[in-house]
Amino acid sequence: MGKGKLTMVIMWMMVVSLFLGFALAADRGWRKSMLPPDMTSHFSSILIDRVAPSSIVIPVDGNVYPVGYYNLTLMIGQPARPYFLDVDTGSDLTWLQCDAPCVHCTEAPHPLYKPTNDLVVCKDSLCAALHPRDYKCESPQQCDYEVDYADGGSSLGVLLRDSFTLNYANGGRITPRLALGCGYDQLPGPSNHPLDGIVGLGRGKVSILSQLNSQGLVRNVVGHCLSGRGGGFIFFGDSLYDPARVIWTSMTPEYAKHYSPGHAELYFGGKTTGSKNLVVIFDSGSSYTYFNSETYNTLTSLLKKELNGKSLKEAPDDRTLPLCWKGRKPFKSLRDVKKYFKLRVALSFDNGKTKTQFDLPPESYLIISSKGNVCLGILNGTEAGLQNLNLIGDISMLDTLVIYDNEKQMIGWTPANCDRIPKSKIITYM
């Protein structure tokens with residue numbers, strides 16, 4: 001064989017190999033584990049660049065008050081069926097109330113989920129992510145789980161895989177197989193309401209986001225935009241927003257299981273309150289914001305001092321929330337009461353390099369009750385069993401685009417119009 005022909009053959013083989021390599025990379029069934037460790041991260045970035053140019057967007061229903069929660073609709077199974085799930089960035093596992101059969105299930109909007117036979121085995125890394133390192137498999141052929149929530153609720157079940165129908169903002173549709181919990185024994189908490197399950201949007205390996213990212217379908221970024229009028233949307237991926245228009249602070253490695261910017265200092269009216277080193281977690285699974293007992297008492301004392309001499313009076317007969325005030329006549333909206341609450345509440349985060357501030361204007365911590373009173377939507381977390389943790393709940397994230405970038409280990413926020421579901425990078429900033 002002549003030297004020229006040999007060169008042409010080698011070049012042709014290189015072209016074919018390159019084509020096959022990209023074809024394999026585009027296949028969701030392609031296994032990174034077949035690559036040497038030093039090549040895995042390189043090809044992973046290529047895969048994401050090629051396969052995940054858009055973000056997955058899912059509309060959200062609900063409100064802080066009077067509904068008391070936000071949920072989304074996921075289409076799961078073959079054929080796909082709708083299920084209403086609570087949105088929770090404070091936990092990882094997504095689970096459905098499941099006819100396995102069900103030992104104890106609560107009221108649900110839809111018929112119980114019929115499980116597939118595609119069980120996740122106990123030695124699977126997704127199962128390991130749900131258990132402590134010394135966990136021993138009692139049933140090797142399945143992955144048992146139990147998750148507990150801060151309000152006292154829990155779910156017991158097994159992990160399996162099924163198809164999820166998801167839509168990209170650019171119009172594309174995918175049906176990946178993802179792991180979820182088949183919950184056959186639920187213990188409701190005091191904040192219980194009819195639901196089909198919970199979608200966990202946390203940082204763990206078993207979360208929907210992590211699974212989609214591991215398959216190269218989206219970047220490891222999740223965010224939400226909850227409207228003060230009710231509704232909103234969540235998204236997976238980073239194609240919907242302009243990073244330059246977002247206030248960013250770093251996630252702390254100290255609380256790696258949560259979306260936490262670490263420690264904060266509470267300000268009131270632009271001045272420090274003396275409440276420092278507050279461990280703060282962003283948690284969409286909580287309707288209200290919670291401060292530890294000392295910080296809560298400090299804030300309520302300052303608010304009462306601000307309201308002293310004004311026409312608002314405490315309304316202990318209104319049990320909507322622990323602290324409510326009534327005016328000379330019933331209030332119709334927060335616009336009627338903003339003139340009484342002029343001093344801003346804010347949390348300041350210091351990551352050692354820069355300081356960032358998360359502002360809480362009155363509409364971020366007040367509601368109007370059904371009795372026409374104004375109530376404080378910041379509660380005593382210590383009394384609720386959160387010990388020293390401080391949660392930023394839905395009420396404080398309304399009309400705000402909140403982003404959890406797990407790739408850059410950053411949390412970001414910016415005022416936004418959450419009433420409009422984005423089709424591309426067209427989020428309306430405020």
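1. Start with the second largest pocket: 37 residues line it, and Gly228, Glu363, Ser364, Leu398 and Asp399 are the ones nearest its centre. Keep in mind that this is a predicted model, where local features need pLDDT of at least 70 and side-chain atom pairs pLDDT 80 or more, while totals for chains, interfaces and linings use all residues. Residues are numbered from 1 along each chain as its sequence is written, and side-chain values use heavy atoms, with hydrogens and water left out.

2. What counts as a pocket here? On a 1 Å grid over the protein atoms alone, a pocket is an open set of points where a 1.4 Å probe fits, with protein on both sides within 12 Å along at least five of seven lines; lining residues have an atom within 4 Å of a point. The volume of the second largest pocket is about 970 Å³, taken as the space filled by probe spheres set on the points, with grid points joined across faces, edges and corners.

3. Who supplies the lining? β20 (355–360), β21 (366–368) and β26 (410–415) each give at least two residues to the second largest pocket. By class, its lining has 17 nonpolar, 11 polar and nine charged residues.

4. Now follow β21 into its sheet. Four strands make an open, antiparallel sheet in the order β17-β18-β22-β21, and the edge strands, β17 (313–314) and β21, each pair on one side only. Strands here are DSSP E runs of at least two residues, helices are H or I runs of at least four, and both are numbered from the N terminus; two strands pair if DSSP finds at least two bridges between them. β21 is joined to β22 (residues 374–376) by three bridges, with Ile367 opposite Cys375.

5. Leu401 sits opposite Thr414 in β26. The two strands form a hairpin with four residues between them, and Gln409 in the turn has a positive phi of about 55°. β25 also runs antiparallel to β10 (residues 221–226), through five bridges, and Gly223 stands opposite Ile403.

6. Is β25 enclosed or open? Six of the six residues of β25 are buried, so the strand is largely enclosed by the rest of the structure. Buried means under 20% relative accessible area, partly exposed lies in between, and exposed is over 50% (1.4 Å probe, protein chains only). In a regular strand, side chains alternate between the two faces of the sheet. In β25, Thr400, Val402 and Tyr404 are buried on one side, and Leu401, Ile403 and Asp405 on the other.

7. Tyr404 also turns up in a ring cluster, linked by ring pairs with Tyr259, Phe282, Phe349, Phe358 and Trp413. Rings of Phe, Tyr and Trp (its six-membered ring) pair if their centres lie within 6.5 Å; planes under 30 degrees apart are stacked, over 60 edge-to-face, and the rest tilted. The count comes to 13 aromatic pairs. One of them is Phe235 with Tyr241, tilted, at 6.1 Å centre to centre and 50° between the planes. Tyr241 also pairs with Trp248, again tilted, at 6.3 Å and 55°. Tyr241 is buried, with a relative accessible area of 2%.

Key
Nonpolar A, V, L, I, M, F, W, Y, C, P; charged D, E, K, R; others polar.
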